[in-house]
Structure formats: structure tokens, C-alpha cells
Amino acid sequence: MSAVPPDTLLPRLLATHDAPQPAARAARGLIDEIERSGLRGRGGALFPTAVKLRSVAARRGRRVVVVNGAEGEPMSVKDRVLLERSPHLVLDGAVAAAAAVGADTVVVAIPSARVRAHAAVDAALARRDDRPRICVAGVPDAFLSGEETALIAALEGRAPKPTLTPPRPSERGLKRRPTLVQNTETLAHIALIAGHGPEWFRALGSAAHPGSTLVTLDGCVAAPGVHEIAVGTRVGDLLERAGGLSSPARAVLLGGYHGTWVDAGRAVSLRLQDDELARRRLTFGAGVVVVLPQSACPVAEVSRVMTWLAGETAGQCGPCVHGLAAIAAEVAAVRAGRADRHALDRLRGWSGQIAGRGACHHPDGSSRFLTTALALFEPELELHRRFGACESCDAPAVLATPSARAVAA
Amino acid sequence: MTPTLRVHPIACTGHGACAELLPELIELDDWGYPIVAPGPVPPELEGHARRAVAACPTMALMLGRGAAQPVSASRRRSSKRGGVA
């Protein structure tokens with residue numbers, strides 16, 4: 001165990017990286033080094049990165065690396081911040097990953113509306129001369145744009161809709177080539193591991209959950225925004241680092257709109273690492289932590305998000321299309337005091353029914369959000385169902401539900 | 001290996017024929033889409049399962065072997081010609 005306090009080893013990703021850094025490690029050994037580092041994907045699924053790299057490297061034919069900068073989760077800005085602050089770091093990681101899997105092309109996918117991220121990457125590319133061809137593509141700003149198969153569809157000029165896997169993108173991806181779709185932050189970690197080695201990476205976090213990770217912190221905290229923490233940091237320590245709470249907290253949303261609700265008092269002692277969260281049926285997703293103040297109405301917040309989630313369906317799978325629409329309508333009815341006394345039971349049933357019945361994880365994630373909300377906010381939901389809107393219902397929204405998204409039909 | 005039923009969620013349009021033919025393993029949700037009982041198909045129901053697969057108007061119901069490996073469109077076509085057994 002290192003005696004160095006973790007804070008002196010941070011920041012890593014959020015340190016200054018304003019020039020290209022040629023990888024110190026040979027491309028051939030990089031996948032082994034990534035494996036030794038224990039890096040897992042930072043897009044939300046926490047899949048072992050070395051396994052993913054190997055599955056693409058093992059394929060024949062021209063391979064492609066896609067930098068997944070879609071970040072469709074409305075409460076997450078960490079990938080955007082990384083692309084704007086340190087585009088070279090992300091591109092270094094993409095170049096190292098391309099060398100490791102034998103790809104001759106890198107495509108950087110960023111929503112078209114994120115002009116600052118586009119400008120930062122374009123400016124960085126003007127200063128670089130990389131061997132794999134690097135091009136930048138604008139993709140629709142939709143929740144599902146970051147889903148791997150939907151992202152590939154968008155890059156091929158189709159609507160950003162998921163397809164059923166397998167085949168996974170590693171087998172048949174962009175233009176049917178074996179494709180490594182990797183989250184922006186994950187690639188930045190790859191760049192740092194390529195430069196400093198796996199032991200350096202493991203100096204933070206624990207043996208089973210090594211490294212640092214970016215968190216987008218929002219809600220009633222003194223310093224919202226993107227923070228870099230050691231994996232396994234307690235929520236309470238993260239909040240302390242962000243200057244503490246700005247007002248009393250009711251609940252914490254972990255993992256964003258495909259994530260899970262947890263009571264504020266219980267959240268403080270939780271470690272932000274997947275096994276501990278999974279044991280409690282919680283998830284950290286792509287690193288979103290939102291602290292809901294007591295001044296907000298959780299029923300109004302949940303209702304707005306469910307309506308938004310229903311609107312973000314790709315429209316392909318019946319249980320997702322009809323289930324989410326029915327759920328959103330029912331939660332809205334509860335909020336307005338128009339629902340019958342079986343409404344909450346019905347919602348619980350529907351939430352359990354839709355999980356796992358889509359081509360992608362949209363119904364599963366939405367179900368997680370709803371199920372944990374139903375459990376945690378049952379008193380508030382029941383009060384709304386019986387008496388209608390409360391005085392906090394019109395408070396400013398804590399959870400953003402971006403409207404007028406440019407989704408291709 | 002014991003066969004397992006799977007629904008292709010994009011192809012399925014909720015005709016409901018499968019639930020008519022195989023109510024032992026398939027029920028419909030509130031919107032008419034099938035919910036398949038988890039686990040392998042019991043041997044005594046295999047014939048009924050095969051009939052339900054054959055009856056699906058969108059070829060969304062699949063009978064696969066062992067681990068739930070979804071069948072690609074081309075294999076779905078060929079398995080229809082050659083039979084699933």
C-alpha cells in the first residue's frame with residue numbers, strides 16, 4: 001500500500017496536457033499493460049478495457065477506433081470537459097489504442113451542438129501529425145447517441161438507433177469493419193498508462209478498483225462540476241472536496257438517468273466502486289452524482305425525467321416505446337393527484353416488466369431510475385397522488401431535461 | 001444442450017400469436033408484447049415452442065441452443081429453411 005495520500009497524486013486527467021505526448025510504451029505490449037493496470041471503461045458499463053482491445057485486435061481486416069464523445073447523459077459533462085481542456089490527451093489515447101489494435105483510422109464522435117469541444121479538437125489536430133488518420137464527426141445530441149451500435153449508425157449517416165447485439169461493433173462495426181468504440185475518458189486513461197505504466201495507474205484506488213475517475217457533481221453542493229477522484233472514494237469525501245452541501249439534501253442520484261436513487265444519509269458512506277454499489281443494487285454509471293436538495297420536489301423531478309426518458313426511446317422495441325410512455329403518463333398523473341390508489345403498484349409492475357426487453361439498455365436503465373425512485377420517494381409520491389401538486393413542485397428543476405434535441409427521425 | 005426461447009425485440013410487433021400457442025411459457029404484457037419465461041424450454045413443450053416460432057409473423061421468436069446467443073438475420077432465414085432441430 002502506498003503511504004502517499006491520494007490527493008497528492010491528483011489531478012491526473014484534469015492536469016494540464018497541452019501538447020501531444022508520444023507513448024513511452026510499445027504498441028505491441030500496450031494491451032498487456034492495460035490489462036495489468038486493471039482499467040475498466042468509463043462510459044458506464046465498466047467493462048475491462050483490455051478485453052475489449054483484445055477482441056478488436058484479434059479480428060481480421062481494416063480496424064477502426066471510434067472516440068465516443070457523445071455523452072448523451074444530460075447530467076454528465078466530464079467527457080465534454082476533457083475534450084475541451086485536454087484534447088491532446090484524448091487523441092494520444094486514441095492513437096495509442098489504434099496502434100494497439102492495429103487500426104488505421106480514428107473517428108472522433110462529438111455531438112454537433114458542442115461547438116467548443118469541436119473547436120478544441122480541431123485546434124489540437126492542426127498541431128498534430130498522427131499516423132492513423134484522425135477525423136472528427138458531428139453526431140446527434142440524443143441520449144442514445146452514445147450507445148455503441150447507435151453511435152455507429154449515426155456515423156454511417158443513419159438515425160442513432162441501437163441494433164441488437166451480437167454482432168458487436170468489435171466484430172462488425174463502422175462500415176462493417178471491426179471497431180473499437182471507446183469512451184473519451186477511457187482513452188485519456190489509456191494515454192496516461194501508455195506514458196507512465198500500469199503501476200503508476202494503480203497507485204490510486206485499491207487493488208481491485210484501481211486508478212482515478214472523473215465525476216460530474218451537481219445539485220446542492222458548493223462546487224458543482226467535474227471532479228477527479230480515486231476510484232472507491234466515499235460520496236461524503238467527494239462532497240467535502242466540493243466544499244460541502246449548499247443546502248440540506250434529501251437524496252442522491254448516482255449514475256444519472258439510467259442510474260439509481262439513494263437516501264442522502266445513506267449515500268455519504270458509500271464508496272464509488274462498482275462491487276460495493278452493485279451489492280446494494282446501485283450504479284455509478286458514467287460518474288454522475290447529483291445531490292437533490294430538500295427544497296426540490298422529488299416527484300416533480302422524477303416525473304420530468306421519466307417524460308424525457310420516454311421521449312428518448314429509439315422507438316424500435318414495443319416494451320420500451322409503450323412501457324415508458326405509460327410510465328411517464330402514470331407518474332405525471334400521480335404528481336397531479338389524478339391517479340387511482342393502485343398507481344404505485346402498477347408503476348412497480350411496469351418497471352419490472354420493461355427491464356431487459358429492449359435491443360439496448362434504455363428500458364433497463366430507465367427501470368432502475370424508476371424502481372429506486374419508487375422505493376425512496378414513496379411517501380412523497382403517495383402525498384402527491386392523494387393531494388396533488390405540492391408547494392415545491394414549481395421549484396427550479398435540479399435535473400436537466402434538455403428539450404428540442406436534434407434527433408434524426 | 002437444451003433449447004431457449006428468445007424474442008428479437010426490434011422485429012417483434014406484438015401480434016401475440018406466440019402467447020396463444022405457448023401460454024405455458026409466454027405471456028403478454030399490458031401492451032401486447034411477449035414476456036418469455038426464463039430458462040430452457042422443457043422437453044415436453046419443445047414441439048409447441050417450435051410451432052410458436054414458426055407462427056410468428058415477423059420471425060421475431062427464436063429457439064436457440066444453450067447460452068442465449070441471438071441469431072442473426074441470415075441464420076434466422078436459413079434455420080427456417082432447414083428447421084431448428
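## Report on a Predicted Two-Chain Model

A:Ala97 touches A:Leu53, A:Val65, A:Leu180, A:Gln182, A:Leu187 and A:Ile190, residues up to four places away in sequence being left out of the count. The model described here is predicted.

The setting of A:Ala97 is the largest nonpolar core, which holds 128 residues. Within this core, A:Val65, A:Val66, A:Ala97 and A:Val252 touch the most other members. Which helix gives the most residues to this core? The contributor is helix α4 of chain A, residues 87-101, with 11 residues. Another core lies apart from the largest one and has 18 residues, including B:Leu5, B:Ala19, B:Val53 and B:Cys56.

Chain A also contains an open sheet of four strands. Their order is β3-β2-β1-β4, and the pairing is parallel. In general, the strands of a sheet pair through backbone hydrogen bonds, in either a parallel or an antiparallel manner. Strands β3 and β4 of chain A form the edges, each pairing on one side only. From one strand to the next, the twist averages 20 degrees. Strand β2 of chain A is joined to β3(A) by seven bridges, and these two strands run parallel. A:Thr105 stands opposite A:Arg133, a residue of β3(A).

| Strand | Residues |
|---|---|
| β1 of chain A | residues 63-68 |
| β2 of chain A | residues 103-111 |
| β3 of chain A | residues 133-139 |
| β4 of chain A | residues 179-183 |

Helix α7 of chain A, residues 184-196, lies across β1 and β4 of chain A. The angle at which α7(A) runs to β4(A) is about 95 degrees.

Helix α7(A) has a further partner in helix α3 of chain A, residues 78-85. The axes of these two helices come within 9 Å and cross at roughly 50 degrees.

Chain B has three helices and four strands. Starting at the N terminus, the elements of chain B follow the order β-α-β-β-α-β-α. How much of chain B is made up of buried residues? Of its 85 residues, 27% are buried. Among the contacts in chain B with a separation of 6 or more, 58% are between residues 24 or more positions apart.

Technical notes
Residues are numbered from 1 along each chain as its sequence is written. Chains are lettered from A and ligands numbered from 1 in the order in which they are written. This is a predicted model: local features need pLDDT of at least 70, side-chain atom pairs count only at pLDDT 80 or more; totals for chains, interfaces and linings use all residues. Two strands pair if DSSP finds at least two bridges between them. Axes are lines fitted to C-alpha atoms, for helices over the stretch in contact, and angles run from 0 to 180 degrees between N-to-C directions. Two residues are in contact if their C-beta atoms, placed from the backbone, lie within 7 Å. A nonpolar core is a set of buried Ala, Val, Leu, Ile, Met, Phe, Trp, Tyr and Cys residues joined through C-beta atoms within 7 Å. A residue is buried if 20 or more other C-beta atoms lie within 10 Å of its own, exposed if 12 or fewer, and partly exposed in between; C-beta atoms are placed from the backbone.
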